[in-house]
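Biologist: I would like to learn how to read a model like this one. Please take me through it feature by feature.

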Amino acid sequence: MIRAMKKKYTLSEDGFVGYWYPSDLHKGMAVIVFPGSGADHELTKKGSRFLRKAGWSCLLVGFAGWDGLPEDPVLTPVEYAERAVNVLKGAGYGKIAMYGILA
């Protein structure tokens with residue numbers, strides 16, 4: 001059973017910064033989207049539009065310069081990815097993919 005998720009995840013409350021874009025097409029499946037260096041939320045949202053148009057639920061997870069995160073991506077702990085996965089699993093998502101850009 002899929003449980004409701006928050007629209008926005010914050011560093012202080014959730015341990016990572018993220019934005020949730022749900023879809024009803026692929027039940028129990030979601031994609032975690034990581035932006036390229038220097039990409040803000042809006043650019044990441046635009047860059048992942050193809051996934052949302054294909055019906056995938058997406059959790060955009062910031063790793064540098066988003067809402068209080070360090071500007072240098074090297075300073076962002078890899079645990080942010082683990083926390084995002086745990087949030088999705090806790091909401092009932094059994095199949096989770098990751099998509100990102102290295103740049």
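Modeller: Start with charge. Lys and Arg count as positive, Asp and Glu as negative, while His and the chain ends are not counted. Each charge is placed at NZ of Lys, CZ of Arg, CG of Asp or CD of Glu. In this predicted model, the 13 positive and 10 negative charges of the protein chain have mean positions 11 Å apart.

Biologist: What should I know about the numbering and the model before going on?

Modeller: Residues are numbered from 1 along each chain as its sequence is written, and side-chain values use heavy atoms, with hydrogens and water left out. The model is predicted: local features need pLDDT of at least 70, side-chain atom pairs count only at pLDDT 80 or more, and totals for chains, interfaces and linings use all residues.

Biologist: In what order do the elements of the protein chain run?

Modeller: Helices (H or I, at least four residues) and strands (E, at least two) are DSSP runs, numbered from the N terminus. Here the order is β-α-β-β-α-α-β-α-β. That gives four helices and five strands.

Biologist: Which residues touch the most other members of the largest nonpolar core?

Modeller: A nonpolar core is a set of buried Ala, Val, Leu, Ile, Met, Phe, Trp, Tyr and Cys residues joined through side-chain atoms within 4.5 Å. Buried means under 20% relative accessible area, exposed over 50%, partly exposed in between (1.4 Å probe, protein chains only). This core has 25 residues, and Trp-20, Leu-59 and Leu-88 touch the most other members. Strands S2 (17–21), S3 (29–34) and S4 (57–62) and helix H4 (79–90) each supply at least two residues. S3 gives the most, with five.

Biologist: Is Tyr-93 buried or exposed?

Modeller: Tyr-93 counts as buried, because its relative accessibility is 7%. Its place is in the loop between H4 and strand S5 (95–100). Leaving aside neighbours within four places in sequence, Tyr-93 is in contact with residues including Ile-2, Met-5, Trp-20 and Leu-88.

Biologist: And Pro-22, buried or exposed?

Modeller: Pro-22 is at 56% relative accessibility, so it counts as exposed. Pro-22 sits in the loop between S2 and S3. Pro-22 and Ser-57 are 35 residues apart in sequence, yet their C-alpha atoms are 4.3 Å apart in space.

Methods. Contact = heavy atoms within 4.5 Å.
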